[in-house]
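Open the model in your viewer and keep the selection tool at hand. The stops below go from one side chain to the next.

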Amino acid sequence: MKIRGWRFIEMACIVLTTGVLSLFSTGCQRPGRMPEATQWVAPAEADLTAVHRQLKEQEKQEIEAFIVRRGRPFQQSGTGLYYDIYERHPSGASITRGDAVDMAYTLTLLNGTQLASSAEDGLRRWVVGAETGEPGLTELLLKMRRGEKAFAILPSHLAYGLSGDGGRIPPKAVLLYDIEIKSVYIKNKPIK
C-alpha cells in the first residue's frame with residue numbers, strides 16, 4: 001500500500017509526535033541518560049498499529065451492516081473497496097491509467113448525507129491515476145467502461161483518511177459513490 005501526499009505527512013506527524021513525547025517522558029525518568037530509539041519507537045508503533053486495526057474493524061462492521069440493510073450484492077477488492085457495477089457495457093471503451101473520464105455521480109456519507117452530485121455541480125472530470133484524493137475512486141474507475149454504472153463504498157483509507165478534505169468531507173468518512181461513466185478521453189481525445 002502506498003501512502004501519498006497529505007496521508008504520508010499526517011502519518012509522519014503522528015509517529016514523530018508520539019516519538020518525541022515518549023522521548024521526553026522516558027528522558028525525564030532517567031536523568032543523564034538518553035533512551036535508545038528502540039525503547040520508544042517500538043511501543044509507539046505498536047500503539048498506532050493497534051488503534052489503526054481497531055478503527056478499521058469498526059469501519060468494516062459499519063460498512064457490512066449498511067450492505068445488509070441495502071440488500072445489494074457487492075464485490076470486495078483486496079484493498080477493501082466494495083463495488084457493484086450494476087449496468088454493464090462490454091463494448092464500451094475501457095479505462096486505463098492516464099485516461100480522463102467524465103462521470104455523472106452522487107456522493108454521500110454512510111448515514112445518507114449527500115455531499116455532492118453532478119446534478120448540482122455538473123459532470124466531474126477525473127484523470128485516472130493522477131488524482132491523489134481518493135485512491136478508491138481510481139481503483140473503481142479502472143474496473144469500469146464507458147457507459148457503465150456502478151455503486152461503490154470507499155472505506156476511509158481509500159477516500160480521505162483520518163483528516164478528511166478540510167471542507168465537505170469529514171475525517172474518517174466512508175464515502176458512497178453512485179457513478180455513470182459518460183466519456184473516456186485518451187490524451188485529451190474523446191473515444192467514440
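Start by selecting glutamate 87, which is partly exposed at a relative accessible area of 31%. Here buried means under 20% relative accessible area, exposed over 50%, and partly exposed in between, with a 1.4 Å probe and protein chains only. This is a predicted model, in which local features need pLDDT of at least 70, side-chain atom pairs count only at pLDDT 80 or more, and totals for chains, interfaces and linings use all residues. Residues are numbered from 1 along each chain as its sequence is written, and side-chain values use heavy atoms, with hydrogens and water left out.

Glutamate 87 forms a salt bridge with lysine 149, and their closest N and O atoms are 3.7 Å apart. Glutamate 87 belongs to strand E2 (residues 82-87) and lysine 149 to strand E6 (residues 149-154), so the pair ties together parts that are 62 residues apart in sequence. Helices (H or I, at least four residues) and strands (E, at least two) are DSSP runs, numbered from the N terminus. Lysine 149 is partly exposed, at 23% relative accessibility. A salt bridge is a side-chain nitrogen of Lys or Arg within 4 Å of a carboxyl oxygen of Asp or Glu, and by this rule the count comes to 6 salt bridges.

Next, select aspartate 121 and arginine 168, another of the salt bridges, with the closest N and O atoms 3.8 Å apart. This pair links distant parts of the chain: aspartate 121 is in helix H3 (residues 118-121) and arginine 168 in the loop between E6 and E7, 47 residues apart. Aspartate 121 is partly exposed at 42% relative accessibility, whereas arginine 168 is exposed, with a relative accessible area of 52%.

Stay in the loop between E6 and E7 and pick proline 170. Proline 170 is partly exposed, at 31% relative accessible area. Leaving aside neighbours within four places in sequence, proline 170 is in contact (heavy atoms within 4.5 Å) with Leu109 and Gly164. A distance drawn between the C-alpha atoms of proline 170 and serine 156, 14 residues apart along the chain, reads 9.9 Å.

Now show the aromatic rings. The structure holds 2 aromatic pairs. In one of them, the rings of tyrosine 105 and tyrosine 177 have centres 6.4 Å apart and planes at 50 degrees, so the pair is tilted. Tyrosine 105 sits in strand E3 and tyrosine 177 in strand E7 (residues 175-186), 72 residues apart, so to look at both, select by number. Rings of Phe, Tyr and Trp (its six-membered ring) pair if their centres lie within 6.5 Å; planes under 30 degrees apart count as stacked, over 60 as edge-to-face and the rest as tilted. A charge sits over a ring if NZ of Lys or CZ of Arg is within 6 Å of the ring centre and within 35 degrees of the ring normal. Arginine 125 lies over the face of tyrosine 185, at 4.3 Å from the ring centre.

Finish at strands E3 (residues 100-109) and E4 (residues 114-117), which run antiparallel and are joined by 3 bridges. Two strands pair if DSSP finds at least two bridges between them. Select leucine 107, whose bridge partner in E4 is alanine 116.
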